[in-house]
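This briefing sets out computed features of one structure, grouped by topic. Please read it beside the sequence and the coordinates.

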Amino acid sequence: MNWDAVTALAEVAGAAAVVISLLYVARQLRQSANFTRATSQQMLIDKTTDHNRWICEDPQRIEILRRAVGGFHDLPPNEQHLVYTVFSAFLTGLENAIYFRQAGVCPDAVYAMQERTAMLILRTRGGQEFWESGQFLIGDDVRHKIEDLLKRKEDGMPPLHMVMPWLGTASATA
């Protein structure tokens, strides 16, 4: 065997090793992206679940929220504070979903759940009263997105009292 053949064989083996390494790195990147997507999705779902669990732990909280959707400004200051915290958490969930979606790590179904929840709240009289000051808790780009969503009344979403009858009444919707 001559040296030219050995050199050619070594070059072929080296090229094959590079291709195999690139395929391995591509597989690892794909797995990492899938893991990031799954982690983002689970975080949003967990936060929403934890939030809802916290609300449901105390019947008084449910009653305060029921009254809040009918009129945020009608509540005493201590209850406004509680409701402000609850509504803010739902807004933050939507904000996270919007940013995760832009990054390509939030599935459409999870984003839709966050969007619908926020819109159900913000389309009530109390939600609109909260939005007057709550809109400043989030980034301008997300605030504009939410304002656009609020303007779309004909999106087929029923009012809060039909989706969550324990929280709203027909008079609570705006």
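Helices (H or I, at least four residues) and strands (E, at least two) are taken as DSSP runs, numbered from the N terminus. The model is predicted: local features need pLDDT of at least 70, side-chain atom pairs count only at pLDDT 80 or more, and totals for chains, interfaces and linings use all residues. Residues are numbered from 1 along each chain as its sequence is written, and side-chain values use heavy atoms, with hydrogens and water left out.

- Leucine 29 belongs to helix H1 (residues 3–56).
- Its relative accessible area is 57%, so leucine 29 is exposed; the classes are buried under 20% relative accessible area, exposed over 50% and partly exposed in between (1.4 Å probe, protein chains only).
- Together with Tyr24 and Val25, Leu29 forms a nonpolar surface patch of about 320 Å² accessible area.
- Patch members have over 30% relative accessible area and no salt bridge; like charges are joined within 9 Å and nonpolar side chains (Val, Leu, Ile, Met, Phe, Trp, Tyr) within 5 Å.
- A salt bridge here is a side-chain nitrogen of Lys or Arg within 4 Å of a carboxyl oxygen of Asp or Glu.
- Areas follow the Shrake-Rupley method with a 1.4 Å probe, and for residues only the protein chains shown count as cover.

**Aromatic pairs**

- Four aromatic pairs are found in a search of the whole structure; rings of Phe, Tyr and Trp (its six-membered ring) pair if their centres lie within 6.5 Å, with planes under 30 degrees apart stacked, over 60 edge-to-face and the rest tilted.
- Phenylalanine 72 and phenylalanine 130 make an edge-to-face pair, at 6.2 Å centre to centre and 75° between the planes.
- This pair links distant parts of the chain, 58 residues apart: phenylalanine 72 is in the loop between helix H2 (59–70) and helix H3 (77–102), and phenylalanine 130 is in helix H5 (residues 125–134).
- Phenylalanine 72 is buried at 5% relative accessible area, and phenylalanine 130 is buried at 0%.
- Phenylalanine 87 and phenylalanine 130 have ring centres 5.4 Å apart and planes at 85°, so this pair is edge-to-face.
- Here phenylalanine 87 in helix H3 is linked to phenylalanine 130 in helix H5, 43 residues apart.
- Phenylalanine 87 is buried, at 4% relative accessible area.
- One aromatic cluster is formed by Phe72, Tyr84, Phe87 and Phe130.

**Helix H4**

- Eleven of the 15 residues of H4 are buried, so the helix is largely enclosed by the rest of the structure.
- The buried residues of H4 include Val110, Tyr111, Gln114 and Glu115.
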